[in-house]
Structures are given as structure tokens and as C-alpha cells.
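Visitor: Could you walk me through this one? I would like to start with the terms.

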Amino acid sequence: MTSLIRTEDLSLAFPVRGGFFQSVRSSVKAVNSVNLEVEEGKTLGIVGESGCGKTSLGRAMVRLYQPTSGKLFFRTTTEKSHPEPGDLIISFTPPRQEKK
């Protein structure tokens, strides 16, 4: 079975800036650890309340937003254990936080 797109623990957070220099004060989680798979020829519908992250998830999946963490797989076969030529796997690792 071939996946058109698959996510593993995909998360997206937006920074909240404040102060005179607009430094990052905190972040707002828009998408938190989403796992899904869409096979070729299939359609996926995402439903939910206003502001729950549907659009943010879609934009992160097509890379309009940079995900905070997780993995995106494009056109991969789920039965194999290693990627093959033509597979695209994108992994996002959160930056390390400096201790204060």
C-alpha cells in the first residue's frame, strides 16, 4: 500500500512575542502530535470546531508553515522498513532550550 502523505507526531506551535524588543515570551500550540495517513486515490476530510487547528494542520502538511516537531512522509510504502529512492521523509526536531 502506498501512502500519498503520512504524518507521525506532527506538532505546530506559534510564538507569542512581547516586550520592547518583541522577544518570544511563550508559544501557542495549534497542532499537537497528529498521526494520519492518506493513501493514493483516497480523500481525507478534517472536521472540528472553529480555531481547533484544521487549517494549521493542512498548511503544515504542505509546508506553508514550518512544523515544530514530528515527521512528514510523501509517497512512501508502509510495508518497507527503509526509504527507497523517490521517497521523501522530512523530520522536524524542536530546538534545544537554553537553561537560564
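Guide: Helices (H or I, at least four residues) and strands (E, at least two) are DSSP runs, numbered from the N terminus. This is a predicted model, in which local features need pLDDT of at least 70 and side-chain atom pairs count only at pLDDT 80 or more, while totals for chains, interfaces and linings use all residues. Residues are numbered from 1 along each chain as its sequence is written, and side-chain values use heavy atoms, with hydrogens and water left out.

Visitor: Where does arginine 63 sit?

Guide: Arginine 63 lies in the loop between helix H1 (54-61) and strand S3 (69-77), and its phi is positive, about 70 degrees, although arginine 63 is not a glycine. Arginine 63 has a relative accessible area of 37%, so it counts as partly exposed (buried is under 20%, exposed over 50%, partly exposed in between, with a 1.4 Å probe and protein chains only).

Visitor: And what is phi of aspartate 9?

Guide: Phi of aspartate 9 is near 50 degrees, a positive value in a residue other than glycine. Aspartate 9 belongs to strand S1 (residues 2-18) and is partly exposed, at 42% relative accessible area.

Visitor: Changing topic, in what order do the elements run?

Guide: From the N terminus on, the order is β-β-α-β-β, with 1 helix and 4 strands in the protein.

Visitor: How much of the protein counts as buried?

Guide: Of its 100 residues, 26% count as buried. As for contacts (heavy atoms within 4.5 Å), residues 24 or more positions apart account for 55% of those with a separation of 6 or more.
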